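Please consider the model shown below together with its sequence.

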Amino acid sequence: MNAEIPQRNLALDLVRVTEAAALASARWLGRGDKKNGDQAAVDAMRLSFSGLDIQGTIVIGEGEKDKAPMLYNGEEVGTGQGPQVDVAVDPVEGTNLLAYGRPNAISVVGLAPGGSMFTPGQSYYMQKLVVPAAAKGQVDLTASVEENLRSIARCLEKDIDDLMVFVLDKPRHAGLIEEIRRAGARIQLHTDGDVAGALMAVDPTSDVDVLMGTGGTPEGVLSACAIKAMGGEMLCRLDPQKNDEKEALVAQGADFDRIFTGSDLIRADDVFFAATGISGGTFLPGVSYSGAGATTSSLVLRGRTGTVRRIESAHTWNKLMRFSAVDYD
């Protein structure tokens, strides 16, 4: 075996970016104003990126689908020194969760070598199936819901009625929910947050065993960074939800039958990922403020080594604010 000197783990730099976005946006928790909450996260994230020694290009930005404040596709981030990387961001994954004080809003960033990240183009939605490492290679997006659940249960050495399925609570999933119930599995319905749902599905410490249903295409690419790092699997295919989206994809020559894997969305193994909790919940604890500072909880992943870190950070205002250009206090 040829041993290597440990290389720089960019995920440990990324967590400072997600922490900054979480600290800034959590001030807006439950205040009913998703635009300003998102803007606070965007501003903090953009400023934090400016200190990173990367030549970064944002491939998965945020804001285009819902016209929120943007770190836009094609924007260059970093100091312009260091490795060339594709960047996927969601400063607040779950802006409605933040605005209405609901659980599982998170701040998320993924990096991959330049040119390796799938570009969604005019695709905003994908059908997704996300499973943990134990079920990798044992599911099929063209199979029935019951067939997949039986296969997942067998791989996890569970009964079907032990399984927990993450599904977004949307009208488009009415039929899917009925199929899951007929198969006998349990369901967690979430109003938003399919990046968090994908992370739960591949996290062995989570109650969730699988994610099913249609969610955002950009979120799928962002999730793929973490899924590759944690050894799970995502299968997906384009699933436009509006006529204009479908027409734009047809004009591009999109193949609606093609099944994508996580390795199609991120064509490299040396990926980095960080997520910091904003509102708290079943996945990551949220930002906890005290008069003197705040505490954050983050998940930090490196794909090449498969290293998973869970980091709790204490931030002290009277020291941090002496030099930070981000106004957290």
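The paragraphs below treat helix pairs, cores and selected residues in turn.

The model is predicted, and accordingly local features need a pLDDT of at least 70, side-chain atom pairs count only at pLDDT 80 or more, and totals for chains, interfaces and linings use all residues. Residues are numbered from 1 along each chain as its sequence is written, and side-chain values use heavy atoms, with hydrogens and water left out.

The helix pairs come first. Helices (H or I, at least four residues) and strands (E, at least two) are DSSP runs numbered from the N terminus. Axes are lines fitted to C-alpha atoms, for helices over the stretch in contact, and angles run from 0 to 180 degrees between N-to-C directions. Angles under 35 degrees count as roughly parallel, over 145 as roughly antiparallel, 65 to 115 as roughly perpendicular and the rest as oblique. A crossing is left-handed if the near helix is turned anticlockwise from the far one by less than a right angle, and right-handed if clockwise.

Helix 1 (residues 11-25) packs against helix 2 (residues 34-49) at an angle of about 150°, and their axes are 7 Å apart. Helix 1 and helix 2 are therefore roughly antiparallel, and their crossing is right-handed. Contact (heavy atoms within 4.5 Å) is made by Leu14, Arg16, Val17, Ala20, Ala21, Ala24 and Ser25 on the helix 1 side and by Gly37, Ala40, Ala41, Ala44, Met45, Ser48 and Phe49 on the helix 2 side. By class, the residues of this contact are 10 nonpolar, three polar and one charged; here Ala, Val, Leu, Ile, Met, Phe, Trp, Tyr, Cys and Pro count as nonpolar, Asp, Glu, Lys and Arg as charged, and the others, Gly among them, as polar.

Between helix 4 (145-155) and helix 5 (residues 174-183), the axes come within 9 Å and cross at roughly 50°. The two helices are therefore oblique to each other, and helix 4 passes helix 5 in a right-handed crossing. Val145, Glu146 and Leu149 of helix 4 meet Leu176, Glu179, Ile180 and Ala183 of helix 5. This contact has five nonpolar, no polar and two charged residues.

Helix 6 (residues 194-202) packs with helix 7 at about 20°, with the axes 9 Å apart. That angle makes helix 6 roughly parallel to helix 7, and the crossing is right-handed. Helix 6 contributes Asp194, Val195, Ala198, Leu199 and Val202 to the contact, while helix 7 contributes Glu219, Leu222, Ser223, Ala226, Ile227 and Met230. Eight nonpolar, one polar and two charged residues make up this contact.

The interior is considered next. In soluble globular proteins, nonpolar side chains tend to be buried together. A nonpolar core is a set of buried Ala, Val, Leu, Ile, Met, Phe, Trp, Tyr and Cys residues joined through side-chain atoms within 4.5 Å. Buried means under 20% relative accessible area, exposed over 50%, and partly exposed in between (1.4 Å probe, protein chains only). The largest nonpolar core has 44 residues, of which Ile106, Met117, Leu265 and Phe273 touch the most other members. Helix 7 (residues 217-230) supplies the largest share of this core, eight residues. Apart from this core lies another, of 34 residues, among them Met45, Leu71, Val92 and Leu111. Beyond four places away in sequence, the residues touched by Phe273 include Ala11, Leu14, Val108, Leu199, Leu222, Ala226 and Leu301.

Two residues illustrate contrasting surroundings. Val202, in helix 6, counts as buried at 3% relative accessibility. Leaving aside residues up to four places away in sequence, Val202 touches Val130, Val131, Pro132, Ile227, Met230 and Gly232. Lys136 lies in the loop between strand 5 (125-131) and helix 4 and counts as partly exposed at 47% relative accessibility. With the same exclusion of residues up to four places away, Lys136 touches Val131, Gly231, Gly232 and Glu233.

Most residues other than glycine have a negative phi. Asn104, however, has a positive phi of about 75°. Asn104 is placed in the loop between helix 3 (95-99) and strand 4 (106-113) and is buried, at 4% relative accessibility. Glu157 likewise has a positive phi, of about 55°. Glu157 is found in the loop between helix 4 and strand 6 (164-168) and is exposed, with a relative accessible area of 75%.
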